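Hi,

Here is the structure we talked about. Please open it and keep it beside you while you read my notes.

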Amino acid sequence: MHLHKYEKIWLLFGIGSLVVFLLVLGYGAFWQGTHPQSHGITIDPNNIESNEAFKPENLGLTQVEEDKYILNIAASAFYYDLGKDEDGNAVRHIRVPKGSTVLFQVASKDVVHGFNVAGTNVNMMVEPGYISSLETVMKNPGTYTIVCNEYCGIGHHMMYATLEVYE
Amino acid sequence: MELAKKNIDEQSLGQLTIQKTESKLYMSYITVAFVALLIGGLMGLLQVFVRSGRFTLPFGIDYYQVLTVHGVILGLVLTTYFIIGFHFSLMGKTVGISTKQRKLAWLAFWIMVIGTVLTATAILLGQASVLYTFYAPLQAHPAFYIGLAMVIIGSWIAGFVNWRQLYVWKKAHPREKSPLLAFMVTINTLLWFIATLGVAAAVLIQFIPWSLGYAETINVLVSRTLFWYFGHPLVYFWLLPAYMAWYAIIPKIIGGKLFSDSLARMSFVLFLFFSIPVGFHHQLTEPGIDPTWKFIQVALTFMVVIPSLMTAFSMFATFEITGRRKGFKGLFGWFKHLPWKDVRFLAPFIGMLAFIPGGAGGIINASHQMNAVVHNTIWVTGHFHLTVATTVMLTFFGISYWLIPHLRGRTLTPKLNRLGIIQAIIWTVGMTIMSGAMHIEGLLGAPRRSSYSEYGGGEQVSEWIGYQLAQAIGGTILFIGIILMVYIFIKLTFFAPKGDEEFPIAEEEPDAEQTPAFFENWKLWIGITVALILFAYTIPFVDIIQNSPPGSVPFDWPIGR
């Protein structure tokens, strides 16, 4: 099979760029730990409360250290359960100080959901039977909308909350 | 006399005459595709209207029902029917079809039609608003899954007939290489068969028993993995027919020759290898799959860059060689003198251009960790409206302008050609606005597959809605393009003047190098494909099953059942 000289150059350049590109991705993933979330931790989809993190009293934001938080969320059609405040009202708005490290842990009670802190890399599929988790540093102040970005039924677009990163 | 002479010319090139009985079959497939285009396009129009926030659906129709129709009818019905019709036309032209094969092809058609009607009924009755990906544990009416299975089974029969057609031809032409287009059709049907095994397994083993109540629970991650084992090669099943036209038909339309028979075959073989064992890049943000295996499949995904670069080179080399041979001078003289006023060339050419940003966007989507920036945002919707709805669709339109009149014994008149050019321009403008707005809105974090929502009225969200207005404008322009295309289709089918439209198939250069015989070694190609699939899937799949959580019971109330 004959390859034209220019085609050889073209393919060599293309394949070379591809190799460099994959090395960059691989370096980021394996050495800097930027893999997409993949913990494989399972949970009983019919009873997520059997897991400590998803007991009703443990839902919502918990400070574990100075600058370190855990946010546990129970997702169900069409609602993110972020726990209750002191008055017993459902929490719809989460506030964390700028620069804090937040571990997001989400589990579904029913169907597949999405969990995206819009405009950030906190973007996970939430599937029944698995705990989705991702730890990140909230560096940029602002109010972010948390949206369900996987279709979960007729009320899918009503499934949201907000996250505020304050100075 | 004229006709007889033409037939002899064609036969000396190894081309056959398509009989009336055959063209009826091919046109049936293509007609379903155009009906689907009209219905699916109308649904798309309704969606962009709803998402603009200025319009609500009448009669209590649900947005997600409309979205399900749009995805199923355009992504699965239009594409599959058009492609099978095109495949059969190419096989009929290059290797011929026997009466028995034709009857089986009709059987395939009717199984697919019955399946389509079953699925459509379930969706229209509001019993299957699960979108075209039908992710478990959302549960649709069993008719939805059974209908889909019938569409797949019908398409298999069509593919088996194609293989048989080539086999019979090879028997009659020992030691001859198979016609290039027949080779390409065989690759694409092979790709389709291997890919649909995954979704067929999910539907037949998991979904149908579960939706009928014979199985209490379903393994969600297994069903998703089987779906995406199919879902990615599905896009190559759409793309390869466009490549068939680019490699083997466009050169003839512009008055040139085939660039290289063996390179074209090589790139198709590479697409077969690297389109299937890579479905994980659709599942990168899922919790239950090992990240190392995700990365391995990402690396395999990117191998399709190689045949894509080969294709880009071949296209532009053909354009330049043809132009220079015609005597056009200067660095870009050949480019200036391409047949811009011939819609059979212009529409696919715009499709090629759209594939440059489309392909680049695809690279971003599949980039392991970078995927988190765009996953399930409306960027993705923008991406596949650029690739399948522009690159593939404009090429399919480009094919229709000569294929339909050829099959119907009519001609593409200068007036219809002009209308076609206007159609291609409308499509380009509409899609640039709509897809562009989707890409930007997605980067700002807006989700795909969502009805209009202000999400409690955040600042971020008000920014999104502006882009949704732009999408409504782009979508409206596109719908005008669809109306025009359907009008052209009706004209070409029923009203264009009788005549003899050319079936353009490019020939090789008289001094072209011989195509190596190993390209006909199907056992080798299938063997390598299977080996790659086993390599990419065995370990992670066993891992998924071994570490499975308890299964999921069905949920039908979230979809309004």
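The centres of domain 1 and domain 2 of chain A, taken over C-alpha atoms, are 39 Å apart. Bear in mind that this is a predicted model. The domain assignment of chain A puts domain 1 at 1–33 and domain 2 at 41–166.

Next, the sheet. Chain A has an open sheet of 5 strands. Read across it and the order is S4-S10-S9-S6-S7. The pairing is mixed. Which strands of chain A are the edge strands? They are strand S4 (93–97) and S7, and each pairs on one side only. From one strand to the next, the twist averages 20°.

Now look at one pair in that sheet. S6(A) and S7(A) run antiparallel, and 4 bridges join them. Find A:Asn116 there: opposite it, in S7(A), stands A:Asn123.

Last, the contact between the chains. On chain A, 58 residues are in contact with 63 residues of chain B. Several elements of chain A each supply at least two residues of the side that touches chain B. They are helix H1 (5–31), strand S6 (113–117), strand S7 (123–126), strand S9 (142–147) and strand S10 (160–166). Which element gives the most to that side of chain A? H1(A) does, with 11 residues. By class, the side of chain A that touches chain B has 27 nonpolar residues, 26 polar and 5 charged.

Best wishes

Conventions:
Residues are numbered from 1 along each chain as its sequence is written. Chains are lettered from A and ligands numbered from 1 in the order in which they are written. This is a predicted model: local features need pLDDT of at least 70, side-chain atom pairs count only at pLDDT 80 or more; totals for chains, interfaces and linings use all residues. Two residues are in contact if their C-beta atoms, placed from the backbone, lie within 7 Å. Ala, Val, Leu, Ile, Met, Phe, Trp, Tyr, Cys and Pro count as nonpolar, Asp, Glu, Lys and Arg as charged, and the others, Gly among them, as polar. Domain bounds come from an automatic or database domain assignment. Two strands pair if DSSP finds at least two bridges between them. Axes are lines fitted to C-alpha atoms, for helices over the stretch in contact, and angles run from 0 to 180 degrees between N-to-C directions.
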